[in-house]
Structures are given as C-alpha cells and as structure tokens.
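Here are some notes for a colleague who is learning to read a protein model. Please keep the structure open beside the text and look up each residue as it is named.

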Amino acid sequence: MSTERKRKTDVQFQQADEDQVGRFLRSHPDFFERHPGLLAHLRLPHEPGDNTVSLIERQVAILRERNRKLDQKLRELVGLARANDVLAKKIHQLALRMIGTGNRVEMLEMIRSVLHSELGCDRSVLVLFADEPADDLFDAEFVRRLTRKESGLELFQTFLNAGRPRCGQVAGVKRDFLFGKEGNDIESAALIPLGKEAATGFLAIGSREASRFHPGMSTDFLSRLGELVEQGLTSVD
C-alpha cells in the first residue's frame, strides 16, 4: 500500500471512530455526569456564548478537587516524614547512650527512662525468658523473668512465633497479663520481639490512646528498637 493510500485509509478510520463517539455522546447526554473523572483529561474550548462553559467549569472543579486532595496527601507525607525524622534521632540517641552504659542495671534504667520520657509510652514491660521464673533485682513492674511455658503466654503465641512487631488495641486478659491491674487505662500497645522468634523475650509498650498503636502502622522503627534493646542487654553483665 502506497503512503498516500495508507494516509487516506487512516483518516477514514479516524473519521469513522469520531462519528461513532459523537453518536454515542448524543445518545447518552449524561455520560460525563456518570464519569466525571474523564473531564480532567479533555481539552474544551471556552469562547463567549459557547454552550460548553458548564463542562469547563465542571472540569475546573474536578481539577481543583484533585489538587486539594494531592495537597492534603502531600501535607500528610511531609508530617509523617518529619515525625519519622524525629523518631530516628531518638533511636540514634538511644544507641549512643547504650554504648556508654556499663552494667545491666544502668541499661535497664536507661531503657525504661527513654521509653517514657523520649518515646512517650504510658506503660512498658520488658519480658525476659529464662529457664526458671525469677524476680529481677531492677524493677519487677518493668522487668519480668518468665519461662516460655508461663501461664498466660499462650495468648501471645502467634506473635511469639511470628517474631515481628505487632500493634493494636489491647484489653481484657491480655492487657492484665502485660500491664497488670494498674494498666487498665491502657488502650493500645506495641509488642516488640527481642531476638529471633523472641528468643530473648519481648518488649511491650502501652498507650492510653486507642489509636496510638494500630495494625496499619509501620513497624520499621519498632523493629530497630527491639534490635537495639536486645543487643544492649546482651552486651552488659
């Protein structure tokens, strides 16, 4: 087929398609009302007296709404980035303070202090697994030495087997096991394994805010916190 003949054929096909689109739109005058998102992709003339003004106004409204949502999303991302930056600096400071800690009691005191004063948790419990249950010399409310067969731990078996941080609302016997009766104001919690499949134990941090820890939140920083705490505890006597 010659170039000129091919060009004429393409024009004929294009004209046929446009005719079909035109007939379809005339048969369905409410098409853009049912598919308003398509208006954002159209180029419409705007001349005085032109009866397409309403479509242009609708198109502008759609673009403005889209820009508003993008702006809101951007603000959310910027806020999240700033919050993550602050949290990263706090995790870094925790690592530096761990390096300068000489014994286990100082390490435990420093971890508890950072959890409450720097990371804003309302209650915290550090569960350390041992062959025999025992009272810790540091603080029985913060540190609990339990065997893996301790009654009540079966409530957390899925979390322990997964070996990954878990966040969400907490109540009932789970809350009582973690935070005791004094922790009945705790609404949400983050569970952080220490070691592979929580071989060393786990850290539970609680909040009075029901939305503070939720299943959809990122757990990257919690994983780093767990790694730091586990490494810090194994580095001191």
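1. L225 touches I91, L94, L115, L119, I192 and L203, leaving aside residues up to four places away in sequence, where contact means heavy atoms within 4.5 Å. The model is predicted, so local features need pLDDT of at least 70 and side-chain atom pairs count only at pLDDT 80 or more, while totals for chains, interfaces and linings use all residues. Residues are numbered from 1 along each chain as its sequence is written, and side-chain values use heavy atoms, with hydrogens and water left out.

2. L225 is also among the residues with the most contacts inside the largest nonpolar core, which has 28 residues. Such a core is a set of buried Ala, Val, Leu, Ile, Met, Phe, Trp, Tyr and Cys residues joined through side-chain atoms within 4.5 Å, and buried means under 20% relative accessible area, with exposed over 50% and partly exposed in between (1.4 Å probe, protein chains only). Helix 4 gives the largest share of this core, six residues. A second, separate core of 18 residues includes F159, L178, F179 and A189. In soluble globular proteins, nonpolar side chains tend to be buried together.

3. Helix 7 (residues 220-234) lies across strand 1, strand 3, strand 4 and strand 5, and runs at about 50° to strand 4. Helices (H or I, at least four residues) and strands (E, at least two) are DSSP runs, numbered from the N terminus, and angles run from 0 to 180 degrees between N-to-C directions of axes, which are lines fitted to C-alpha atoms, for helices over the stretch in contact. Among the buried residues of helix 7 are F221, L222, V229 and L233.

4. The open sheet has five strands in the order 2-1-5-4-3, with mixed pairing; two strands pair if DSSP finds at least two bridges between them. Its edge strands are strand 2 (143-146) and strand 3 (166-169), each of which pairs on one side only. Strand 4 (residues 188-194) and strand 5 (residues 201-207) pair in the antiparallel sense over seven bridges, and G201 in strand 5 is the bridge partner of L194.

5. A polar atom of the T101 side chain lies 2.8 Å from the backbone oxygen of R97.

Notes
A polar contact is a pair of N or O atoms within 3.5 Å; within protein, one must be able to donate a hydrogen and the other to accept it, and residues adjacent in sequence count only if both atoms are side-chain atoms.
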